[in-house]
Amino acid sequence: MAVCAKKINFAIEKKYISMLEISEIFNAAAVLKGVARTTAIIPAPKLCPGLDIYLKTENLQQTGSFKLRGAYYKISQLSEEEKARGVIACSAGNHAQGVALGATHNGIKALICLPAGAPISKIEATKGYGAEVCLVPGVYDDAYAKALELQKEYGYCFVHPFDDPKVIAGQGTIGLEILEQMPEVEAVVVPIGGGGLISGVAFAIKTLRPDVKVYGVQSSGAPSMAESLKEGKLCHLNDVSTIADGIAVKEPGVNTFEMCNKYVDEVVTVSDDEIAAAILALIEKQKIVAEGAGAVSVAAVMFGKLPVEGKKTVCLVSGGNIDVNTLNRVITRGLNKSGRNYSFIIDIADKPGQLSGVCSVVGERGGNIISVNHERINSSTAINGCMIRLELETRDADHIEEIRGALISEGYKVLN
């Protein structure tokens, strides 16, 4: 799946990293005061019973994502000559909105290249903040290539979504806020796409509080940073596929790879089903809407991917810009993953009372039947048999097994 990049100019990029000082992040915090919200850290005891979990709610940030911080700070530090040329950026959606807002506030023209498959809500929001949008077929990396092409053609100033020291410094202001809001924090869990967010947060936290653990989380369908750290060099993924569109990045940045390697304690991955379950849990238990990229930190803790037992842990919910249609599909996946929905396939005799008997067993055990599909002609059933599919609302996995056991004990042949 991963192909390691062959030619990388580390000498130049390492120089840039060495220039990032904690004073830059404090300066970014001063610039962003009155622009970016100081988002709340809230307790989340119901998400993971037995764990001491808190949420840093960047999904409630202006533009609905942390990306505003880095984009705005980068634009604020441009020279007058650079501002006059206008800015260009590429994004899966959230960086686009941050750049659009930052450019508009500074009276600068902005052109944003977005993947054609980006959620409609993100595309329209970017336009609403005043930017011109160029839709590019493919994923983030294709939008990136197009942005570089247009930059060379028209002379725009490029605002990178993650691999830029100024952008990283802006994102690092979240680390300062976490330490100020919760001095007793012991672990911070951060989503990773290209790595700008975790680079800034980890740099700030490890510089000021090296005892605090910083963990990163990626989607298993787009594990570019995880693969790179495993291989010890930048790796390029041939393809990415995940519901977490905001972190669907084929290759991390040179700067961010080096910083993650130095400051991040561990990087893990979560599946789309686990992400969906986390989104659902956040809605139901915390009344918070998170997009897929924003929920991966919670998913990693919910499904035991990280050693946070006994640690006061902050999960960074990085964004909440999820398309309504996507949310509907994600909720369905989340219900299935958490055992709240299940479809039984049952082979029964085709005679009066059989379906009624099945429904009685389900009803007596508290299952709610959503739909019934009755199929008489099926090559896998007996001549005098039929197949029924029951879609149920259930409480959890244990409830599903309770109903399954009851059906089997009553003599029904449960195929699924």
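How far is the sulfur of Cys-315 from the closest cysteine sulfur? The distance is 7.0 Å, to the sulfur of Cys-48, which is too far for a bond. The structure is a predicted model, in which local features need pLDDT of at least 70 and side-chain atom pairs count only at pLDDT 80 or more, while totals for chains, interfaces and linings use all residues. Residues are numbered from 1 along each chain as its sequence is written, and side-chain values use heavy atoms, with hydrogens and water left out.

A disulfide is counted where two cysteine sulfur atoms lie within 2.5 Å, and a search of the whole structure finds zero of them. Cys-157 is likewise in no disulfide; the nearest cysteine sulfur, in Cys-90, is 13 Å away. Residues are classed as buried under 20% relative accessible area, exposed over 50%, and partly exposed in between (1.4 Å probe, protein chains only). Cys-157 has 7% relative accessibility and so counts as buried; Cys-315, at 1%, also counts as buried.

Helices (H or I, at least four residues) and strands (E, at least two) are DSSP runs, numbered from the N terminus. In helix 13 (residues 292–302), ten of the eleven residues are buried. Among them are Gly-292, Val-296, Val-298 and Val-301. The elements covering these buried residues include strand 3 (52–57), strand 9 (213–219) and helix 12 (272–286), where contact means heavy atoms within 4.5 Å. Just after helix 13, Gly-304 has a positive phi of about 65°.

A nonpolar core is a set of buried Ala, Val, Leu, Ile, Met, Phe, Trp, Tyr and Cys residues joined through side-chain atoms within 4.5 Å. The largest one has 40 residues, of which Val-185, Val-188, Val-190 and Val-201 touch the most other members. Helix 9 (196–208) is one of the elements that supply at least two residues of this core, and its seven residues are the largest share. Apart from this core lies another, of 35 residues, including Ala-44 and Val-298.

Rings of Phe, Tyr and Trp (its six-membered ring) pair if their centres lie within 6.5 Å; planes under 30 degrees apart count as stacked, over 60 as edge-to-face and the rest as tilted. By this rule there are four aromatic pairs. Phe-203 and Tyr-263 form an edge-to-face pair, 5.5 Å centre to centre with 80° between the planes. This pair links helix 9 to helix 11, its residues being 60 apart in the chain, and both residues are buried. The ring centres of Tyr-342 and Phe-344 are 4.9 Å apart and their planes at 70°, so this pair is edge-to-face.
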